[in-house]
Amino acid sequence: MTLFLMISFGALLALHLATVVLAGLRYTRPPERIDSDTDLPPITLLRPVCGLDAFDEVTLRSSFLLDYPDYNIIFCAARADDPACALVTKLIANFPHVPAKLMVGEAHITGNPKINNMQKGYLAAYTDHIVMTDSNLLLPRDYLRQLVARWQDHRVGLITSPAAGSHAENLWSAVECAFLNTHQGRWQLAADSIGLGYAQGKTLYGKRSIINAGGGLQALGGDLAEDVAMTKLIRDQGKRVRVAQQLYVQPIGTKSFDQVWARQLRWSLIRRQGFLHLFLLEMVQGPLLPTLICAGLVGSGALPAWALLATLTVWYGAEWALAWLARWPASFRDVAAFVLRDALIPVIWAATWTQRGLIWRGNRVSHPAKPSRA
């Protein structure tokens, strides 16, 4: 029994360190990008908006500052009275040299309000290459060049990227960054490094011809979230989802515990509904199980007392090193946020089993996400 526990303990610690190394390797070199303008495809940048967040002017403005020879922007709002419409209209006027427009209205094709909002812009796009990007993502100037560079061969059907949290202004926003960066981001980068990419709705870069072959945006309403449905749509066509070499920044600002809890519970429910087999394994991702095993081995005399402290030092030290390398938040407060996050993970995981639907920006989405009535 002791031997089994020793092997299990070592395997869990090795798994953690392996994901740190795989994710960290992505940050040891500059992001891939295409510098030449030759053969760059025309691209439509589709950005749905809904309400205004603290950093939206900065993140939406970044849409107009991209270094790309042939792209246009379509902003989508469900209602004309949405406060984001005035901001978008101002930005379009401030950058007349960038082809951009705001489209208002909602096509009730699914139970997912985000998809319903984007449908009009998707249909209006005249390019085959399309990038769907959330409004709260801050785009680097070479954003589109990086995405195109990542599309390496005919087996690729989608380029995606989770967000990297930044600009945390209080403890709970630091916890949100800890979830996004050295936990979820780390695992998605590591999984992609071994060929297991999963779509993440912050960035979805694909071809309309491929998406249409899988049923179009309407097909993305078959799951609680469009990223889960998109992963299945791409894989069903025998193609691969690839994650961008590095993550793109989402400013977080100030968050409350309730906001962090609601968001993480929503994402946890999406993972449970979309990929149950992976969700069941999430408890091996955090330090709880190896710490308990280590404590048991210390109690039995199989390991010295200092092994428990050494385990936690190695665990969080590796995580801090990844954050430092990737230039993610890595202060003392962020290390404390790592610990708070890991204390919340098993509680959120257990609470997920009690949930049947989710709330997204005031809209209830339940599974299956069937079309709602107009």
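**Exercise 1.** What is the volume of the largest cavity, and which residues line the largest cavity?

*Solution.* Step 1. The structure is a predicted model, and the pLDDT of the chain averages 92. Step 2. Step 3. The largest cavity has a volume of about 100 Å³. Step 4. Its lining consists of Phe179, His183, Gln184, Gln264, Ser268, Arg271, Glu282, Met283, Gln285, Ile345, Ile348 and Trp349. Step 5. Helix 6 (171-193), helix 9 (257-274) and helix 13 each give two or more residues to this lining. Step 6. By class, the lining holds five nonpolar, five polar and two charged residues.

**Exercise 2.** Determine which element gives the largest share of the lining of the second largest cavity.

*Solution.* Step 1. The second largest cavity holds about 60 Å³ of space. Step 2. The residues along it are Glu282, Met283, Gly286, Pro287, Leu288, Asp342, Ile345 and Pro346. Step 3. Helix 13 supplies the largest share, three residues. Step 4. Five of the lining residues are nonpolar, one is polar and two are charged.

**Exercise 3.** Is Arg341 buried or exposed?

*Solution.* Step 1. Arg341 belongs to helix 13 (residues 332-352). Step 2. Buried means under 20% relative accessible area. Step 3. Arg341 has 1% relative accessibility and therefore counts as buried. Step 4. Leaving aside residues up to four places away in sequence, Arg341 touches Val175, Ala178, Phe179, Thr182, His183, Tyr316 and Glu319. Step 5. With Glu319, the side chain of Arg341 also forms a side-chain polar contact of 2.6 Å.

Note on methods
Residues are numbered from 1 along each chain as its sequence is written. This is a predicted model: local features need pLDDT of at least 70, side-chain atom pairs count only at pLDDT 80 or more; totals for chains, interfaces and linings use all residues. Side-chain values use heavy atoms; hydrogens and water are left out. pLDDT is the predictor's confidence in each residue, from 0 to 100. Helices (H or I, at least four residues) and strands (E, at least two) are DSSP runs, numbered from the N terminus. Buried means under 20% relative accessible area, exposed over 50%, partly exposed in between (1.4 Å probe, protein chains only). A polar contact is a pair of N or O atoms within 3.5 Å; within protein, one must be able to donate a hydrogen and the other to accept it, and residues adjacent in sequence count only if both atoms are side-chain atoms. Contact means heavy atoms within 4.5 Å. On a 1 Å grid over the protein atoms alone, a cavity is a set of points where a 1.4 Å probe fits but cannot get out, and a pocket is an open set with protein on both sides within 12 Å along at least five of seven lines; lining residues have an atom within 4 Å of a point. Grid points are joined across faces, edges and corners, and a volume is the space filled by probe spheres set on the points. Ala, Val, Leu, Ile, Met, Phe, Trp, Tyr, Cys and Pro count as nonpolar, Asp, Glu, Lys and Arg as charged, and the others, Gly among them, as polar.
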